[in-house]
Amino acid sequence: MSTIQKIQAEIIEDFELFDDWMQKYEYLIDLGKELAPIKEKYKTKDNLIKGCQSRVWLHAEHTQGKIIFTADSDAIMTKGIVAILINVLSNQEPKDIATAKLDFINEIGLKEQLSATRANGLVSMIKKMKLYAIAFNN
Amino acid sequence: MLDINQIRKQFPILSRKVNGHELVYFDNGATTQKPNSVITAESNYYQNENSNVHRGVHFLSGLATDKFEETRITIQNFINAKHSHEIIFTKGTTDSINIVASGYRSLLNKGDEIIISELEHHSNIVPWQMCCEQSGATLKVIPLLDNGTLDITEFGNLLSKNTKLVAISHISNTLGTINPIEKIIKKAKAVGAKVLIDGAQAASHISINMQNLDADFYCFSAHKLYGPTGVGVLYGKEDLLNELPAYQGGGEMIKEVSFKKTTYAGLPHKFEAGTPNIAGVVAFKAAINFITGLGINNIAKYEEGLLQYATEEVLKIEGLKIYGTAKNKSAIISFNIKGLHPYDIGMIVDKMGVAIRTGHHCTQPIMDKFNIPGTARISLAVYNTKDEIDICINAIKKAKMMLS
């Protein structure tokens with residue numbers, strides 16, 4: 001099992017512990033609060049992700065063969081979702097990120113809780129992370 | 001006095017559950033729910049009356065045409081228009097504004113000016129920007145004051161003999177402000193400008209009277225008036241609609257077609273090319289009857305009471321700020337809570353069955369003015385109750401607790 005898959009499996013396990021939406025949301029809020037801050041200078045217009053109702057900034061750095069993602073959002077629950085994505089994809093090799101299958105989104109019931117427009121934001125975010133990976137891989 | 005319980009029973013959707021809770025629907029500014037009479041009228045049309053309008057010689061075509069035209073008369077009476085052919089059926093308010101703005105592209109020239117305001121919905125901004133791009137006219141904007149009302153003194157300064165058109169909303173969809181359109185129309189008329197009123201947020205809440213108001217164009221949507229989606233009204237004064245170039249070509253809007261020259265039909269058909277949303281228009285009549293049955297002034301009075309109660313109660317939440325505090329206000333409350341993003345609040349209250357709207361509400365210039373990313377918005381209708389306001393406020397408090 002690759003690292004990305006292993007992390008996903010752990011996240012799915014975490015979410016299985018929750019009985020209701022409130023615990024899930026509280027967990028997301030906590031993850032959002034704990035997310036390592038992005039450097040202010042990276043909160044640029046270019047780093048803004050389109051398709052989100054709240055603003056999301058994503059920055060990527062390629063060091064020692066791995067990509068380090070940092071991000072921020074002005075909405076805390078969005079930030080929680082972003083935190084999970086970073087947990088899964090950051091500090092991984094570009095080719096693994098580019099080819100990663102992200103099953104956890106459906107498994108933890110996140111997608112069904114996000115309306116179409118919000119899910120679009122999630123899709124845009126994943127797309128952007130993968131595009132960075134493809135760019136750094138070349 | 002309105003019997004709200006009786007009214008609620010007419011709206012089947014209000015008894016459904018959302019996320020395991022009784023639905024509290026506070027997104028009426030986006031669209032209202034529909035009473036049984038409207039739902040029945042629409043389905044009855046397809047079951048018993050369906051045919052294409054205006055063209056056929058057979059029984060059903062005549063019946064469908066009669067039903068369709070009955071709604072036109074109903075609307076004429078509802079807004080006290082002088083003639084029924086001054087009522088054009090459209091897809092909705094946005095469509096209505098576009099018909100006028102598109103027509104004015106060829107009626108305006110360089111040096112002419114259009115005035116809008118800072119609190120307009122994008123639908124009453126973008127069509128005018130497009131009109132200006134094509135005609136060479138200039139767009140001027142009435143600024144917004146901190147309390148969410150328009151700077152009428154500045155409006156006076158913007159007006160000149162170059163002003164050809166003033167396009168203003170009757171009620172702000174984001175702030176709830178009821179604009180002093182009587183005053184605006186009078187001032188605009190004094191310099192010879194025409195006036196279009198975007199009445200999308202007004203028609204279901206306050207009485208509108210075209211012959212008293214003297215607006216040149218007035219636009220609204222059926223779906224914000226307890227009626228079906230996809231139907232709207234463009235009211236225009238007869239001579240101005242005659243002068244306005246046709247918007248779309250097609251069936252019904254022509255008098256004679258040949259490859260040399262086509263001549264257009266008279267009003268209202270000139271602006272109703274193609275087969276319209278007949279079922280929607282037919283059901284729209286039931287929606288108007290619902291409103292007139294209750295009495296628009298009774299609705300206004302009841303909603304005023306709800307707004308007052310909701311305003312007092314939300315202000316008890318610490319750190320909550322209301323955007324739009326005009327004295328003359330419709331049942332809309334836009335707010336933010338210090339340190340919280342409106343999106344987070346909306347997501348959490350939704351889980352408790354409460355439907356509110358979050359975001360910029362298609363009014364980005366208002367967000368820029370207040371320097372905020374968006375607001376959470378409560379917008380009320382005649383079927384809402386004080387009990388629902390209590391549920392909503394408890395849900396907001398819970399969201400605040402979870403997020404802080």
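These legends describe close-up views of a predicted model.

**View 1. The contact between chain B and chain A.**
Chain B contributes 14 residues to this contact and chain A contributes 16 residues. Together the two chains bury about 1,500 Å². Carbon and sulfur atoms account for 67% of that area. The interface of chain B and chain A has zero salt bridges. Four residue pairs are in polar contact across it, both residues at pLDDT 80 or more. On the side of chain B that touches chain A, the elements giving two or more residues are helix 12 (342–351), strand 16 (357–359) and helix 14 (386–403) of chain B. Helix 12 of chain B supplies the largest share, five residues. By type, this side of chain B has seven nonpolar, four polar and three charged residues.

**View 2. The salt bridge of B:Glu388 and B:Arg8.**
Over all chains, the structure holds 21 salt bridges. In this one, the side chains of B:Glu388 and B:Arg8 meet at 3.2 Å, N to O. B:Glu388 belongs to helix 14 of chain B and B:Arg8 to helix 1 (residues 4–9) of chain B, so the pair ties together parts 380 residues apart in sequence. B:Glu388 and B:Arg8 are both buried.

**View 3. The salt bridge of B:Arg357 and B:Asp27.**
The closest N and O atoms of B:Arg357 and B:Asp27 are 3.0 Å apart, and the two residues form a salt bridge. The pair links distant parts of the chain, 330 residues apart. B:Arg357 sits in strand 16 of chain B. B:Asp27 sits in the loop between strand 3 (24–25) and helix 2 (36–49) of chain B. B:Asp27 is buried, with a relative accessible area of 7%. B:Arg357 has a relative accessible area of 37% and is partly exposed.

**View 4. The salt bridge of B:Glu49 and B:Lys67.**
B:Glu49 and B:Lys67 form a salt bridge, with their closest N and O atoms 3.7 Å apart. B:Glu49 is in helix 2 of chain B and B:Lys67 is in helix 3 (residues 59–79) of chain B, so this pair ties together parts that are 18 residues apart in sequence. B:Glu49 counts as buried, at 8% relative accessibility. B:Lys67 counts as partly exposed, at 25% relative accessibility.

**View 5. A salt-bridge network in chain A.**
Salt bridges link A:Glu40, A:Lys43, A:Asp72 and A:Lys79 in a network.

**View 6. The two domains of chain B.**
Chain B is divided into domain 1 (4–33 + 295–399) and domain 2 (39–293). Their C-alpha centres lie 27 Å apart. The contact takes 39 residues from domain 1 of chain B and 36 residues from domain 2 of chain B. About 2,900 Å² is buried between the domains, 57% of it on carbon and sulfur atoms. B:Ile296, B:Ile366 and B:Lys369 supply 19% of the area that domain 1 of chain B buries against domain 2 of chain B.

The side chains of B:Lys369 and B:Asp146 meet in a salt bridge at 3.2 Å, N to O. On the side of domain 1 of chain B that touches domain 2 of chain B, helix 11 (296–314), strand 14 (332–337) and helix 13 (364–370) of chain B each give two or more residues. Helix 13 of chain B gives the most, six residues. This side of domain 1 of chain B divides into 19 nonpolar, 16 polar and four charged residues.

**View 7. The surroundings of B:Ser204.**
B:Ser204 lies in the loop between strand 8 (194–198) and helix 8 (210–213) of chain B. B:Ser204 has a relative accessible area of 1%, which means that this residue is buried. A polar atom of the B:Ser204 side chain lies 3.3 Å from the backbone oxygen of B:Lys224. Beyond residues up to four places away in sequence, B:Ser204 touches B:Lys224, B:Leu225, B:Tyr226, B:Ile291, B:Ile296 and B:Ile299.

Methods: Residues are numbered from 1 along each chain as its sequence is written. Chains are lettered from A and ligands numbered from 1 in the order in which they are written. This is a predicted model: local features need pLDDT of at least 70, side-chain atom pairs count only at pLDDT 80 or more; totals for chains, interfaces and linings use all residues. Side-chain values use heavy atoms; hydrogens and water are left out. Contact means heavy atoms within 4.5 Å. Buried area is the accessible area (1.4 Å probe) that two parts lose on being put together, summed over both. A salt bridge is a side-chain nitrogen of Lys or Arg within 4 Å of a carboxyl oxygen of Asp or Glu. A polar contact is a pair of N or O atoms within 3.5 Å; within protein, one must be able to donate a hydrogen and the other to accept it, and residues adjacent in sequence count only if both atoms are side-chain atoms. Helices (H or I, at least four residues) and strands (E, at least two) are DSSP runs, numbered from the N terminus. Ala, Val, Leu, Ile, Met, Phe, Trp, Tyr, Cys and Pro count as nonpolar, Asp, Glu, Lys and Arg as charged, and the others, Gly among them, as polar. Buried means under 20% relative accessible area, exposed over 50%, partly exposed in between (1.4 Å probe, protein chains only). Domain bounds come from an automatic or database domain assignment.
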